[in-house]
Amino acid sequence: MPEGDTVFRQCRILHEALAGAVLTRAELRVPRHAEADLVGWSVQEVLPRGKHLLMRLLPPADRPQAPLTLHSHLMMDGIWFVDEKPLISSDTSAQRRAPHTARAILEARRADGSITRAVGYDIKMVHLLRTQDEHLEVGHLGPDLLDPDWDEDLREEAVANLRAQAHLPLGQALLDQRVMAGIGNIYRSELCFLQRISPFAPTARLQDPGALVDLAHRLLSVNADRTVRVTTGGMMGRDGDLWVYGRAGRPCRRCHGRIARQMMAQPDVEGAQPRPVFLCPRCQAGAR
Ligand SMILES: [Zn+2]
């Protein structure tokens, strides 16, 4: 599942391609909105909220209506293509997608007369709603680690949310987007390693939840501008971008012990099937 930094980057590229442009074609290939007529609407902005994409639309001048938002989510393997080019990330396969997997096909005329085409393949939760009702779909999310207005209040809210999950395994709490929004499967393993605590240890064992929130905010922020995600500071040379994720059976970069891969259930949140976590049983306290 794409991490918040991937969604952030895809939103920015979509925003640069579409903001201010007027839709000349808009097909939403979901039963609920198959009949939606968005030709003539213009794209106001595309912005992320956690791992959700919000494309805000303004009505044509001669059809005054409430502004709408096209809400979508990349879930496991959704990807947008702009002018046939995939918005590449380290989370999603950039290979060509079968035409029948397109869920949103948008073409828009820009101010200079050129046409931009954006297609969302395998995207989920494709839903058109009034912009003023966005909170009904994303209001449950905790503080967004990539919120441009991230401040001490949001940090404290994230810390309090984390503390409230005292008995939950830390790995589960980190993936719960109601605690804070933006962490996916890769960052949770990396964050637990960097904090030297097992993802299976109860969150209460975390000595300094504020330090973890700060680290999460910092890592997502520095990677928001990169296509290759790095958590090691980039000092490890080739193939040295991550500490533990995807490195099962290979030596720990810190202690040379063997990195383990274990499955972790994820009750009651988006994408609830068990997902792998990677950890160093020697370096991380509370490992099973
Ligand atoms: Zn180790």
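Biologist: In which helix is L175 found?

Modeller: This is a predicted model, in which local features need pLDDT of at least 70 and side-chain atom pairs count only at pLDDT 80 or more, whereas totals for chains, interfaces and linings use all residues. Residues are numbered from 1 along each chain as its sequence is written, and side-chain values use heavy atoms, with hydrogens and water left out. Helices (H or I, at least four residues) and strands (E, at least two) are DSSP runs numbered from the N terminus. On that numbering, L175 is found in helix α4.

Biologist: Does L175 count as buried or exposed?

Modeller: Buried means under 20% relative accessible area, exposed means over 50%, and partly exposed lies in between (1.4 Å probe, protein chains only). L175 has 9% relative accessibility and therefore counts as buried.

Biologist: Which residues does L175 touch, not counting residues up to four places away in sequence?

Modeller: Contact means heavy atoms within 4.5 Å. With residues up to four places away in sequence not counted, L175 touches I183, G184, N185, R188, Q266 and R275.

Biologist: How many of the 10 residues of α5 are buried?

Modeller: Helix α5 covers residues 185-194 and is mostly covered. Its buried residues include N185 and R188, both of which L175 touches. What covers the buried residues of α5 includes α1 (4-18), α4 (170-175), α6, β10 (260-264) and β11 (275-279). Of the 10 residues in α5, the number buried is 9.

Biologist: At what angle do α5 and α6 pack?

Modeller: Axes are lines fitted to C-alpha atoms, for helices over the stretch in contact, and angles run from 0 to 180 degrees between N-to-C directions. The axes of α5 and α6 are 11 Å apart, and the angle is about 130°.

Biologist: How many nonpolar residues has the contact of α5 with α6?

Modeller: The contact is made by Y187, L191 and L194 of α5 and L212, L215, A216, L219, L220 and N223 of α6. Ala, Val, Leu, Ile, Met, Phe, Trp, Tyr, Cys and Pro count as nonpolar, Asp, Glu, Lys and Arg as charged, and the others, Gly among them, as polar. By class, this contact has no charged residues, 1 polar residue and, as nonpolar residues, 8.

Biologist: Are α3 and α6 parallel or oblique to each other?

Modeller: Angles under 35 degrees count as roughly parallel, over 145 as roughly antiparallel, 65 to 115 as roughly perpendicular and the rest as oblique. α3 and helix α6 (residues 209-223) pack at about 125°, with axes 9 Å apart. The two helices are therefore oblique.

Biologist: How many charged residues has the contact of α3 with α6?

Modeller: From α3 come R155, A158, V159, L162 and R163, and from α6 come P209, G210, A211, L212, V213 and D214. By class, the contact of α3 with α6 has 7 nonpolar residues, 1 polar residue and, as charged residues, 3.

Biologist: What is the relative accessible area of H256?

Modeller: H256 is found in the loop between α6 and β10. Its phi is near 70°, a positive value in a residue other than glycine. H256 is exposed, at a relative accessible area of 63%.

Biologist: In which strand is confidence lowest?

Modeller: pLDDT is the predictor's confidence in each residue, from 0 to 100, and the chain averages 92. Confidence is highest in helix α3 (residues 152-163), at 98, whereas the lowest mean, 85, belongs to strand β6.
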